[in-house]
Amino acid sequence: MLRQYELLEKVRAYDPDADEALINRAYVFSMKAHGSQKRASGDPYYSHPIEVAGILTDLHLDEETIVTAILHDTIEDTVATPEEIERLFGENVARLVDGVTKLSKIEAQSENQRAAENLRKFLLAMSGDIRVLLVKLADRLHNMRTLHFIKSEEKRRRIARETMDIYAPLAERIGMYEFMTEMQTLAFRELEPDAYASIAKRLEQLHRGEGDLIERIGRGLKAHLEANGIEAEVQGREKHPYSIWRKMAERHVSFEQLSDVMAFRAVVGSTEDCYRTLGLIHQRWPMVPGRFKDFISTPKRNGYRSIHTTVIHDEQMRIEIQIRTSDMHATAEQGVAAHWAYKVGVPEEATDAHPWISDLVEILDHAASAEELLEHTRMALYQDRIFAFTPKGELIQLPKGATPVDFAYAVHTDLGDQTVGAKINGRVMPLRTPLENGDQVEILVSKAQHPQPTWLSFVVTGKARAKIRRFVKSKEREETVALGRKIFDEIVQRLPAPLGWEAMAEALRRLHLHEDAELMEAIALKRVSDVAVMEALMPGSTTRDGVKPPPQRRAISIKGLTPGVAFQLAECCHPIPGDRIVGLRREGEGIEVHTIGCDGLADGIDADWVDLAWGDESDGGTARLCVVIRNEPGALATMAGIMGSHGANIVSMEQTARDGSFHTFHLDIEVHDVQHLMRIIAALRATEIVSSAERL
Ligand code: MN
């Protein structure tokens, strides 16, 4: 247990001007406030805040932080009041203690493991003054160090779980790798005692078996660098049990198969030396592909800089090597705290840090108010994030611009699928409303609801998008298959004889398809022609005498359709390539393609309208013409001849009126596209016997 005078000495060692009286006053205040409270270890409670303060002196933190650590549990656990603390220790300390107390309260709400990631970020964003967070992390670290004193296994596991899920990643986030590692190791030991024990044992055996392997490799590394003129401090260590365990789990390998359990670090004089060192190492030992990372040219967001590589050392032994300067090393070990320490003591290198940290330090210095500070900090960290709440107060983290539909899918897929409406802060709002930070969102659901294709136009999260797409796709396939089946039934009607009971299986085999649904889909999507289907069902059925083969469907492609969606060219307007077109989509049917001027569109009010255009390779369609010709011998033949000379096939022809010397015909002709049709119409009009020719 750390004594009062020991704590003072630790502070004085790096900050000779520290206000001793202030620290002593805090010590006495905390001791009195906690009175006879005891820790699970049996120690007096006030030993805990002193230890927490001790941990923070290792990071060379300023006296306000140390005093905050000493007082951090007084408001929560004793009768002490914020006013008292402000009067005795000043405004700053009061604010910091208040911050730590608030963090503890938020933490108490975190039951749901899934919310942990959000909570962690929220804590960070809400921390405002980074010192609040440092005290909280040191507090948690000390509680983890003394975790084994707690009798209830359930409570120990809960605390360990929370440390693993929230605090260790939080420490990592701000670059406090030492804190992170120790927390993970302690939590891992509690959560997976067997795995921990077996890994610890194996590590021990490794030591015994191979002697001072780590030291030997480390010496060799140092000698190799020195021989090439680089002065380096080389440290070697085994990886931590938790990181070994995680690797084993990630790669599904056993401890024996896991070859890199050793890591080395070369600390060199300058950034140039880092790269030279890297070169020397790669020249001497082959590197393992995919393991090289340069965090010097691209630092991590928390400011971490280092070069990582893994090489195959002698005898197939893989070792990981980190290369960095001593300044980078300080940041790596203590993260943000290192920069805080620089501010108090040595200001060197602070400006050279990653902008994220220098921004933060800058903000801490200059922010006029707590709100401003918080706003800046949050902005620096989460410019692109918002936080919204469920009615139960659970926190959901979303990207900026997210809507209630994104929110619903973030909570649960089923909730997203069944969304029919949303209340934002108690008011019913459109589903496309972008959420704002702090909104409380209640999703209104209906079991009968399905994901709507229109949602795709406003959702921003990948999860929502993927779920909606998947649903729409499967729904569309169902519709396509149903449409194909309708066409199939018509095709069967055209066969000269009823189908035998094995005809279907035979047809599938001939068409190289596996199941009915596939055939129906192919028919609906016009991947297989009617003739091909008829021939597959009943070979010879389309070439028999007296049966005219129906016109082959030609290639049609339409832009604007989701691939795999069935479409039909509308019978009312017979669109052909080149026409401006629009699609009508009705539930349970494929898309009906109409020309933009079609009267049939008036019936489409209840349908979804889809913007469409012809695909480049589209060729062919059936156009309907009304042609009035003079009643003269040879007139019909002349008309047919014009069609023939233009390469247009007459599919059907019907006389609709006979008016004295004029006959009116409706013709369906197959043409390539609108230009083709226009040339034909022009040719007809230029003919003497034709009095008018119009497209219907
Ligand atoms: Mn505490």
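## Notebook: cysteines, a metal site, a sheet and a helix

**Entry 1. Cysteines.** I looked up the sulfur of Cys 572 and found the closest cysteine sulfur, that of Cys 598, at 3.4 Å, which is too far for a bond. The rule I applied defines a disulfide as a pair of cysteine sulfur atoms within 2.5 Å. By this rule I counted zero disulfides. I noted for reference that a disulfide is a covalent bond between the sulfur atoms of two cysteines.

I then checked exposure, where buried means under 20% relative accessible area, exposed over 50%, and partly exposed in between (1.4 Å probe, protein chains only). Cys 572 is partly exposed, with a relative accessible area of 46%, whereas Cys 598 is buried, at 11%.

**Entry 2. Basis of the values.** I am working with a predicted model, in which local features need pLDDT of at least 70 and side-chain atom pairs count only at pLDDT 80 or more, while totals for chains, interfaces and linings use all residues. Residues are numbered from 1 along each chain as its sequence is written, and side-chain values use heavy atoms, with hydrogens and water left out.

**Entry 3. The manganese ion.** Which protein atoms are donors of the manganese ion? I found His 48 (NE2), His 72 (NE2), Asp 73 (OD) and Asp 139 (OD), lying 2.2 to 2.3 Å from the ion. Donors here are N, O and S atoms within 2.8 Å of the metal (3.2 Å for Na, K and Ca); water is not among the atoms, so sites may look incomplete. In sequence I read the spacing of the donor residues as H-x23-H-D-x65-D. Asp 73 lies in the loop between helix H4 (63-71) and helix H5 (74-77), and Asp 139 lies in helix H8 (residues 130-145), so that the pair, 66 residues apart, links distant parts of the chain. Helices (H or I, at least four residues) and strands (E, at least two) are DSSP runs, numbered from the N terminus. Both Asp 73 and Asp 139 are buried.

**Entry 4. A sheet of three strands.** I traced an open sheet with the order S9-S8-S10 and antiparallel pairing. Strand S9 (427-429) and strand S10 (441-445) are the edge strands, each pairing on one side only. Two strands pair if DSSP finds at least two bridges between them; strand S8 (residues 419-424) is joined to S10 by five bridges. Contact means heavy atoms within 4.5 Å.

I next looked at Lys 423, found in strand S8. Lys 423 is partly exposed, with a relative accessible area of 29%. Not counting residues up to four places away in sequence, Lys 423 touches Val 428, Gln 440, Val 441 and Glu 442. Lys 423 and Val 441 are 18 residues apart in sequence and 5.8 Å apart in space, C-alpha to C-alpha.

**Entry 5. Helix H25.** Which residues of helix H25 (residues 635-645) are buried? I listed Ala 635, Met 639, Ile 642 and Met 643. They cover an arc of only 100° around the axis, which puts them on the same side of H25; the arc is that of the directions from the helix axis to the C-beta atoms. On the other side of H25, Ala 637 and Ser 645 are exposed. The cover over the buried residues includes strand S17 (621-630), strand S18 (649-659), strand S19 (662-671) and helix H26 (674-685). H25 is followed by Gly 647, whose phi is positive, near 75°.
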